[in-house]
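Please read the points below with the model open beside you.

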Amino acid sequence: MSEAQVALKSGHKESTVIRFAFSIFSPFVGISCIGLAGQLFTIAYGTDLSDTFTVLTIIAIWNTINDPIVGWMQDKELLSKYFPFQTWGRRAPWYSTHLLPNALSVGALYFVPNSMKHPADGDTAIYIWLLCSAFVMRWATSHCYTAMKSATIEIYPSSAERLNLEFWFIVFAWAAGIFAIFANAGMIADGSVGDECNALYNETLGEFTVDPDAATDAATDVGKTGSGQVLGVMFMVAVMSGLFAVPIMRQAKRKADPTKIDTNWISYMKHIWNDKASRIYMIIICLVEFHSTSAASMYVYYVKYVSKEDQDGTAFYSSMIGVTGLISQICMGAILKLLFSKGHRPRKWVIFTKITYSIVAPALMLSNVSAWIFLLGFVLERCAYAPQTYWNTMAKGLCCDEDALKVPGMRREAWFVSLHHMFASLMGVVVSLYIILADRVFELDTKLCWGEAQPTKAVNFLWYTFALLQPLLGLVTAWLVFKFPITGDRLDELEKKTAADIKAEREIGEAGEAGGGGSTAQVAPE
């Protein structure tokens, strides 16, 4: 480890790092739930595919708009009047105040009234419910996630510590994701898509005939309190647990002058585009987010319609995908954590794993369309995604570090992080339109009963998405990571300048304290 890297270390114990990393759990519960909402509503609640994803497209557009607003508000420190800087720092006020709206809006997805479920043509109540819940959730999660990621850059200026922290982010993000995945799988297993689908195929008659007992059971269940309400309460409690990490987040106190944060969003976008490192980073984020968002939004459809699993099988594999994704990414992340602690960088690992996945996964899926093969391909994708998240954390911090050195006091971590989120949200819009395309052009019909066949072109659409399009995106991402310019001598020089800047801030802070005055320097670590 170089002298500059040693000087940049926060001095936090591993237990403190883990406690701070837990801050990702709360926003990721919301992010995971909204990512799975399309499958939850169409399969468990019986909504129309196009109508559901039209709502989610509107929400994705809203998220694209609110992200840069959130970043600007946080860098301008608009809550400092109510949350003093010396006590709360720059990021903790935003995270703390948005946990409750996040919790309530997440819970609302599972408190859908029975009268709204399985809507007839023209019924809009359930879509309005989804729209309102997701609207609030996206605003709250944007604030929590932006505050958490911006605080990471301020509290942990060392690339080595950021990489170490990323492992724990992976663990807690997956804990949130697996929670949502199991909840959705349970809702799918319990849910009915209408009385007309409580039917058995009569081979003699060559048609579906209604099972009277199943129809009676379904009618009896109307009005009962289902598992959704229980899950909703559990989700709300889980989201509020983010308060546990707030004391560490209060340490985000790098010296900054909010008056230097420009209100001209267009000029900042031009700065991002003109800076090669920032431009390549944002393009990579677009590719990675389209890949991960489309996979999260469509994997149940692949299992149900391409692998042709029944209701129990679809619920089982939906859970298994979550479990194996969790295990494979965390195991890969643990191996990388060990390597990075010895001085390795994530760049080469991203390139190697992306290329491996992009070659092996299509070969597997060409040989067989079974759910087990799809599951294996998903494991490979998660192993490739693990070094990508490490690289994202490191590259994001480096871009912000370079930007902060250009104009003293002008720290724009939240704005940069929020632009990352904006492009990710834009990919959410693209994915929603992509899924609507599956309905309108390729005639994917999620309201068909279990066992009824989809059109061949709809099945092919799903197969090409997972077997060809996503591996191709992996290859392009690997090439762009190779072209990212902050490496070698440029990286070493950046670390030296950042270390000198932090040392100067601390000296000013110590002088101010000795003279009885205030300080905006970073506080001493625990």
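**Note on the aromatic pairs, the core and selected residues**

1. Ring pairs join Phe 22, Phe 25, Phe 172 and Phe 244 into a cluster, where rings of Phe, Tyr and Trp (its six-membered ring) count as a pair if their centres lie within 6.5 Å, with planes under 30 degrees apart called stacked, over 60 edge-to-face and the rest tilted. This is a predicted model, in which local features need pLDDT of at least 70 and side-chain atom pairs count only at pLDDT 80 or more, while totals for chains, interfaces and linings use all residues. Residues are numbered from 1 along each chain as its sequence is written, and side-chain values use heavy atoms, with hydrogens and water left out.

2. Ser 241 and Phe 22 are 219 residues apart in sequence, yet their C-alpha atoms are 8.9 Å apart in space. Ser 241 sits in the loop between helix H11 (227–240) and helix H12 (246–249), helices being DSSP runs of H or I with at least four residues and strands runs of E with at least two, numbered from the N terminus. With a relative accessible area of 24%, Ser 241 is partly exposed, a class that lies between buried (under 20%) and exposed (over 50%), with a 1.4 Å probe and protein chains only.

3. The count of aromatic pairs comes to 29. Trp 62 and Trp 139 form a stacked pair, at 5.9 Å centre to centre and with 20° between the planes. Trp 62 lies in helix H4 (residues 49–75) and Trp 139 in helix H8 (residues 125–155), so the pair ties together parts that are 77 residues apart in sequence. Trp 62 is buried, at 19% relative accessible area, whereas Trp 139, at 25%, is partly exposed.

4. Two arginines lie over tryptophan faces: Arg 250 over Trp 88, at 3.9 Å from the ring centre, and Arg 279 over Trp 273, at 5.3 Å from the ring centre. The criterion asks that NZ of Lys or CZ of Arg be within 6 Å of the ring centre and within 35 degrees of the ring normal.

5. Beyond its neighbours within four places in sequence, Tyr 45 is in contact with residues including Tyr 110, Lys 117, His 118 and Met 187.

6. Gln 388, in helix H17 (residues 371–406), is buried at 0% relative accessibility. Outside the four places on either side in sequence, Gln 388 contacts Ile 284, Val 288, Val 350, Lys 354, Thr 477 and Val 481.

7. For Cys 331, the nearest cysteine sulfur, that of Cys 383, is 8.3 Å away. Cys 331 is partly exposed at 43% relative accessibility, while Cys 33 is buried at 1%.

8. For the chain as a whole, the secondary structure comes to 20 helices and two strands, and 58% of the 526 residues count as buried.

Technical notes:
Contact means heavy atoms within 4.5 Å. A disulfide is a pair of cysteine sulfur atoms within 2.5 Å.
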